[in-house]
Amino acid sequence: MTRGQGSGRISAEDFRHVALDEAVSTNSECLARAREGDPGLLWITAERQTGGRGRRGRTWFSEPGNLYASLLLVDAAPVERLHALPLAAAVAVHRAIRRVMPPGGPEVSIKWPNDILIDGRKTCGILLEGEGLPDGRHALVIGCGVNVAATPKEALYPVTSLRQVGATVSPVELFAHLFVTMAETLSLWDRGAGIGAIIDQWRASAKGIGEPITVNLPDRSLSGRFVGIDEDGRLLLDTGAAAPVAIAAGDVFFG
């Protein structure tokens, strides 16, 4: 255990940061360092990624001008408590982006499970990856890609950038906020013991609760009303059946 990870009550002073000009992906860099024995609580940022990736193996647009940051955690929590960590990550990034928005700017919200939207358009994706290490420890990486200055030309969802909505922040300045909000949120999460508080904050910032949505699963699509999330972070979809359907993973489309 690294300092602070044993008790769960960590602060920004417990984290380290390595800034790179370029990386294949900041997630891959974190996992490589974990295999070499890094104790965790390590941020890796890069100005550019040559092989960034998103959920389900999708390529992540990674040109200069945006924020690419990954946080390595080692033995972050008991396995049975890890399910709320993606929600905690979304809360932390949401808070960081809200801090740099211009006065009177558009709404910043969370799209299940952990995309960040500005005015309904995707601005940030978060990818969590983990693996067991040879020495018995478990590495978990929270990867964040934020459109600060540029957006991909082709995307699955409508997209925007901080610059397009009037936020003049740089990737370095945004990361300084994320460095703090992630520490605060992980302290609240408290190695999974604070799941209730995290879920409350996630719900307060969520997009589309109570509205019609469609969820694309690997083998089918389901439509209904977005009821919310359960205590395991699963999306609850009211399809008109007796009880809401609990969905652990899928692509959500509003309307």
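Tutor: Two strands count as a pair if DSSP finds at least two bridges between them, and the strands themselves are DSSP runs (E, at least two residues), numbered from the N terminus. Keep in mind that this is a predicted model, where local features need pLDDT of at least 70 and side-chain atom pairs count only at pLDDT 80 or more, while totals for chains, interfaces and linings use all residues. Residues are numbered from 1 along each chain as its sequence is written, and side-chain values use heavy atoms, with hydrogens and water left out.

Student: How do you know that β4 and β5 pair?

Tutor: Strand β5 (residues 115-118) and β4 are joined by four bridges, in the antiparallel sense. The cut-off is at least two bridges, so they count as a pair. Within that pairing, I110 sits opposite I116 of β5.

Student: And what makes β1 and β4 edge strands?

Tutor: They belong to an open sheet of seven strands, ordered β1-β2-β3-β7-β6-β5-β4, with mixed pairing. β1 (16-23) and β4 (108-111) each have a single partner strand, so one side of each has no neighbour in the sheet. From one strand to the next, the twist averages 20°.

Student: How do you know that helix α3 packs on that sheet?

Tutor: By contact, meaning heavy atoms within 4.5 Å. α3 (residues 171-189) touches β1, β2 (42-49), β3 (67-74) and β7 (138-146), and its direction makes about 25° with that of β3. Axes here are lines fitted to C-alpha atoms, for helices over the stretch in contact, with angles from 0 to 180 degrees between N-to-C directions.

Student: Which strands does β3 run antiparallel to, and over how many bridges?

Tutor: β2 is joined to β3 by five bridges, and β7 by eight. Bridge partners include W43 with L71 and L72 with V141.

Student: What sort of residues make up the contact of α2 with α3?

Tutor: Among them are L85, A88 and V91 in α2, and L174, H177 and E184 in α3. The contact divides into 15 nonpolar residues (Ala, Val, Leu, Ile, Met, Phe, Trp, Tyr, Cys and Pro), three charged (Asp, Glu, Lys and Arg) and three polar (the others, Gly among them).

Student: How do you know that β11 and β12 are edge strands?

Tutor: Another open sheet has five strands in the order β11-β10-β9-β8-β12, with antiparallel pairing. Its edges, β11 (245-247) and β12 (251-254), each pair on one side only. Neighbouring strands there are turned by 45° against each other on average, direction ignored. β12 pairs with β8 (residues 212-216) over four bridges, and I213 has F254 as its bridge partner.
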